Amino acid sequence: MPPSHLHFSSIKIIPAHKNIRKHFSVPPLHQPRPLRYLTITTCGAMATASSLFLGSSPVSTAPRTRTGLAAPSPPSARPSLRLRQRSSPAVAAAVQAEHQPAVAAATKPPALPFRVGHGFDLHRLEPDLPLIIGGINIPHDRGCEAHSDGDVLLHCVVDAILGALGLPDIGQIFPDSDPRWKGADSSVFMREAVKLMHEAGYELGNLDATLILQKPKISPFKETIRSNLCELLGADPSVVNLKAKTHEKVDSLGENRSIAAHTVVLLMRK
């Protein structure tokens, strides 16, 4: 006989053909688990990534006009800002004759659908000299020491355009050893660079420039400078961008002893 402490009446025997899941919470092995992670196959990665980031709305690559910006005030409304006078036709003719040998000696670049150029310039600041930035006379107690008017921004833009075209830099085309360029208005160099750009069959796609100086603050004059830059380039304001940075009081730039600029241009085939 079985021991007295065992009560067979309390033990329930479950036949093998019955559904065990009714009595146990352990799920069967073949039951699919809920999807917690997104897996992307190699062949569909590009399409899936595009749908995740782009959705159903197409991305427009057309230039966007600036909104919410007040129109820059004319130079007459700001007595402290003086627009440089344009050069005479005689000076322009001399410039064209001067740069022809250097341009002719350069290797003709291939006709690519677009070309990218980078420009950089730096000038030392000295007391009692005018500070010309982007063709605008900025009030300051120091100015750029240079052979021409020392316009660091225009020189930088010219070098970027020439670089994109595969041409010599501004110092080779307009050497500082030539007395004709002593104190010359840098808009002369700008117009010649733009002329070379069109002669090569290109137009400006967009331009991004950065000024680096500790003093003075450029924000009050930025729109006036940008407007004049657009005029010299013959470009819409939506494709010309200008930024200004300090150098956090580091080295000559941060100590108000120099000023520098960087420019990147994209030229598009006409």
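Which residues does L112 touch, not counting residues up to four places away in sequence? The answer is Y202 and R269. This report starts from that point and then works through the rest of the fold. The model is predicted.

**Overview**

The protein chain has seven helices and eight strands. Of its 270 residues, 35% count as buried. Among contacts between residues at least 6 apart in sequence, 78% join residues at least 24 apart.

Five strands form an open sheet. Their order is β5-β2-β8-β6-β7, and the pairing is mixed. The edge strands are β5 (142-145) and β7 (240-245), and each of them pairs on one side only. From one strand to the next, the twist averages 25°.

Inside the sheet, β2 (residues 114-127) pairs with β8 (residues 258-269). The sense is antiparallel, and the pairing runs over eleven bridges.

Helix α6 lies across β6 and β7. Its course runs at about 140° to β7.

Helix α6 covers residues 222-233, twelve in number. From its first C-alpha to its last it reaches 16 Å, close to the 16 Å expected at 1.5 Å a residue. Its buried residues are T224, I225, R226, N228, L229, C230, L232 and L233. Just after α6 comes G234, with a positive phi of about 65°.

Helix α5 (187-199) can be read in the same manner. How far apart are its end C-alpha atoms? They are 18 Å apart, which agrees with the 18 Å that its 13 residues should span at 1.5 Å a residue. The buried residues of α5 are S187, V188, F189, M190, E192, A193, V194, L196 and M197. G201 follows α5, and its phi is positive, near 90°.

An α-helix has 3.6 residues a turn, so residues three or four places apart point the same way.

**The core**

The largest nonpolar core has 51 residues. Those with the most contacts inside it are I133 and L233. Helix α3 gives the largest share of this core, ten residues.

What does L233 contact, leaving aside its neighbours within four places in sequence? The list is V157, I161, M190, V194, L204, L207 and V240. L233 itself is among the buried residues of α6. M190 and V194 are among the buried residues of α5.

The table sets out four of them.

| Residue | Relative accessibility | Class |
|---|---|---|
| D185 | 10% | buried |
| F221 | 12% | buried |
| L112 | 37% | partly exposed |
| E248 | 64% | exposed |

D185 lies in the loop between α4 (170-173) and α5. Its side chain reaches the backbone nitrogen of S187 at 3.0 Å. S187 is one of the buried residues of α5. Is D185 buried or exposed? It is buried, because its relative accessible area is 10%, and buried means under 20%.

F221 sits in the loop between β6 and α6. It counts as buried at 12%. The C-alpha atoms of F221 and N137 are separated by 9.9 Å, and the two residues are 84 residues apart along the chain.

L112 is placed in the loop between α2 (89-105) and β2. It counts as partly exposed at 37%.

E248 belongs to the loop between β7 and α7 (251-254). It counts as exposed because its relative accessibility is 64%, and exposed means over 50%. E248 and Q214 are 34 residues apart along the chain. Their C-alpha atoms are separated by 7.4 Å.

How values were computed
Residues are numbered from 1 along each chain as its sequence is written. This is a predicted model: local features need pLDDT of at least 70, side-chain atom pairs count only at pLDDT 80 or more; totals for chains, interfaces and linings use all residues. Side-chain values use heavy atoms; hydrogens and water are left out. Helices (H or I, at least four residues) and strands (E, at least two) are DSSP runs, numbered from the N terminus. The expected span of a helix is 1.5 Å times one less than its number of residues. Buried means under 20% relative accessible area, exposed over 50%, partly exposed in between (1.4 Å probe, protein chains only). A polar contact is a pair of N or O atoms within 3.5 Å; within protein, one must be able to donate a hydrogen and the other to accept it, and residues adjacent in sequence count only if both atoms are side-chain atoms. Two strands pair if DSSP finds at least two bridges between them. Axes are lines fitted to C-alpha atoms, for helices over the stretch in contact, and angles run from 0 to 180 degrees between N-to-C directions. Contact means heavy atoms within 4.5 Å. A nonpolar core is a set of buried Ala, Val, Leu, Ile, Met, Phe, Trp, Tyr and Cys residues joined through side-chain atoms within 4.5 Å.
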